[in-house]
Amino acid sequence: MQTSMQLPALCCKCGEKPPTSRQTIKDSRSGVSVLTLLTMFIGMRVNYNESVEYDVPLCADCDGKIKRRKVVGLLVMALGIMVAIGGIAWLFISYTTLAGAPLDANYMAQYQGLLPTMIPILAGFLIAWIGKMIRKPKLASWNNRGFRFKNKAYHKAFAELNPTMAR
Ligand SMILES: [Zn+2]
């Protein structure tokens with residue numbers, strides 16, 4: 001969904017200062033409904049996946065804050081990916097060591113020894129996901145009925161200019 005809207009002359013984040021720049025926000029949401037669960041049984045897939053792109057005006061301070069969050073989020077994502085790669089390397093090394101050794105009666109226990117390598121792998125993915133969340137500027141929530149901006153002053157100004165797009 002590409003939207004065209006009238007932008008208030010107000011920073012979207014603080015709702016106070018006049019905007020000096022504009023940023024395009026890309027957001028998406030997906031989910032399942034009761035219908036998804038019902039149709040799963042007959043092999044159908046009914047879930048929704050919607051995305052939206054919209055512009056927001058920002059003052060210099062808020063623009064800087066959002067850009068800094070993006071950098072911090074990227075660093076957290078990189079850390080998560082490195083932790084996951086470390087875990088995968090550990091799993092690989094442990095597995096090849098195990099595969100080279102002769103199997104004894106305790107081989108189940110030997111393979112269970114690989115389980116701890118899952119901890120850094122899963123933790124890495126979790127950290128990367130958190131980094132992705134940090135990167136996302138949370139300025140508005142939206143659905144098919146319209147936008148709701150977190151900042152009340154901006155939301156009010158937005159609703160006056162775009163009465164059909166605000167909820
Ligand atoms: Zn601002």
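**Group meeting talk: a predicted chain of helices and strands**

Read along the sequence, the protein chain follows the pattern β-α-β-α-α-α-β-β-α, and there are five helices and four strands in it, where helices (H or I, at least four residues) and strands (E, at least two) are DSSP runs numbered from the N terminus. This is a predicted model, in which local features need pLDDT of at least 70 and side-chain atom pairs count only at pLDDT 80 or more, while totals for chains, interfaces and linings use all residues. Residues are numbered from 1 along each chain as its sequence is written.

Of the 167 residues in the protein chain, 18% are buried, a residue being buried if 20 or more other C-beta atoms, placed from the backbone, lie within 10 Å of its own, exposed if 12 or fewer, and partly exposed in between. Among contacts between residues at least 6 apart in sequence, 71% join residues at least 24 apart, with two residues in contact if their C-beta atoms, placed from the backbone, lie within 7 Å.

Let me turn to helix H2. The buried residues of H2 are Cys62, Gly80, Val83 and Gly87.

How do the axes of H2 and H4 cross? The axes of H2 and helix H4 (residues 118–135) come within 7 Å and cross at roughly 170°, so the two helices are roughly antiparallel to each other, a term that applies to angles over 145 degrees. By class, the contact of H2 with H4 has 19 nonpolar, six polar and four charged residues, where Ala, Val, Leu, Ile, Met, Phe, Trp, Tyr, Cys and Pro count as nonpolar, Asp, Glu, Lys and Arg as charged, and the others, Gly among them, as polar.

Finally, two individual residues. Leu10, placed in the segment before strand E1 (21–32), is buried because 20 other C-beta atoms lie within 10 Å. The C-alpha atoms of Leu10 and Tyr154, 144 residues apart along the chain, are separated by 6.5 Å, and, not counting residues up to four places away in sequence, Leu10 touches Gly15, Pro19, Pro57, Ala153, Tyr154 and Ala157.

Asn49, found in strand E2 (residues 47–58), is exposed, since 8 other C-beta atoms lie within 10 Å. With the sequence neighbours up to four places away again left out, Asn49 touches Ser28 and Ser30, and the C-alpha atoms of Asn49 and Ser30 are separated by 4.2 Å.

Key
Axes are lines fitted to C-alpha atoms, for helices over the stretch in contact, and angles run from 0 to 180 degrees between N-to-C directions. Angles under 35 degrees count as roughly parallel, over 145 as roughly antiparallel, 65 to 115 as roughly perpendicular and the rest as oblique.
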